[in-house]
Amino acid sequence: RFGYTKSIDSASYSRVAPETLEEYAHIIPMKNTDKLCFFTDEGNMYQINALDIPQGKIRDKGVLIQTLSKVGKENIILYTSFEELFESQLVFVTKNGYIKQVSGAEFETVRYSLLATKLEDDDKVASIIKLSASEVLSSDDMKVIIITHKGLSLGFSLSEVSELKRISRGTIGIKLDDGDYVDFSTIVETNAESFTYKDKELSAKKVRKRKRAQIGHNANLEL
């Protein structure tokens, strides 16, 4: 959770106690021929060859990810292996309310960094949600939930979110009041009872399924 990373062979990993694994913010299964990909709020993707991540023991601190890449002080939103990314679909939501789907195949590159999405000068990526092929195929049964800084929420069908190119800005997901911005977004099944936001379980049912690009509504989402 402090940005340190290391690799552990599968045999050693299988002997680690579950309570020890809970100390790690991200655990990503990878082959040694794979790449670790990570996306930031500045709209960039970075990748590191798996073999370039130092091996260690479970109690070793590891190395700062900044020493293995040029990520600098950007806030990392999503970590994934490239093998999983290639078979997935990413949904980008920005603080200014733009949304789009992008095929994971768009991020195949030999470079160590890549522009992941187009952003306006005053915009940042608020969330990136990775979807499986089956989730994309059932998009009519999936609901996008957006929550703003002022506590407004909007829900709409995933099928309303267009698949666009990596370098596109996206379309309007939610209309925002002056001074407001997107704080959080997730995607759940339409009949889901709840979702997690800032370590709290909130009601997904209370986020009414409406249309994309509308103004959010103020509702008590507590269970």
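User: Why does Lys-198 count as exposed?
Analyst: Exposed means over 50% relative accessible area, buried under 20%, and partly exposed in between (1.4 Å probe, protein chains only). Lys-198 has 59% relative accessibility, so it counts as exposed. Bear in mind that this is a predicted model, in which local features need pLDDT of at least 70 and side-chain atom pairs count only at pLDDT 80 or more, while totals for chains, interfaces and linings use all residues. Residues are numbered from 1 along each chain as its sequence is written, and side-chain values use heavy atoms, with hydrogens and water left out.

User: Where does Lys-198 lie?
Analyst: Lys-198 lies in the loop between strand 15 (194-197) and strand 16 (200-203); strands here are DSSP runs of E, at least two residues, numbered from the N terminus.

User: What makes the phi of Lys-198 worth a look?
Analyst: Most residues other than glycine have a negative phi. The phi of Lys-198 is near 50°, a positive value. Ala-213 also has a positive phi, near 70°, and is found in the loop between strand 17 (209-210) and strand 18 (214-215).

User: What does Lys-175 touch, and how exposed is this residue?
Analyst: With contact meaning heavy atoms within 4.5 Å, Lys-175 touches Ala-213, Gln-214, Ile-215 and Gly-216, leaving aside residues up to four places away in sequence. Its relative accessible area is 48%, so Lys-175 is partly exposed. You will find Lys-175 in strand 13 (residues 174-175).

User: Why is Thr-148 called buried?
Analyst: Thr-148 has a relative accessible area of 2%, so it is buried. Thr-148 belongs to strand 10 (residues 142-148), and the residues it touches include Ile-174, Leu-176 and Tyr-181.

User: How do you know that the side chain of Thr-148 makes a polar contact with Asp-180?
Analyst: A polar contact is a pair of N or O atoms within 3.5 Å; within protein, one must be able to donate a hydrogen and the other to accept it, and residues adjacent in sequence count only if both atoms are side-chain atoms. The side chains of Thr-148 and Asp-180 make such a contact at 2.8 Å.

User: Why do strand 5 and strand 8 stand at the edges?
Analyst: They belong to an open sheet of four strands, with the order 5-2-3-8 and antiparallel pairing. Strand 5 (76-81) and strand 8 (113-115) each have a single partner strand, so one side of each has no neighbour in the sheet.

User: How do you know that strand 3 and strand 8 pair?
Analyst: Pairing takes at least two DSSP bridges, and strand 3 (residues 44-49) and strand 8 have three, in the antiparallel sense. Met-45 stands opposite Leu-114 in strand 8.
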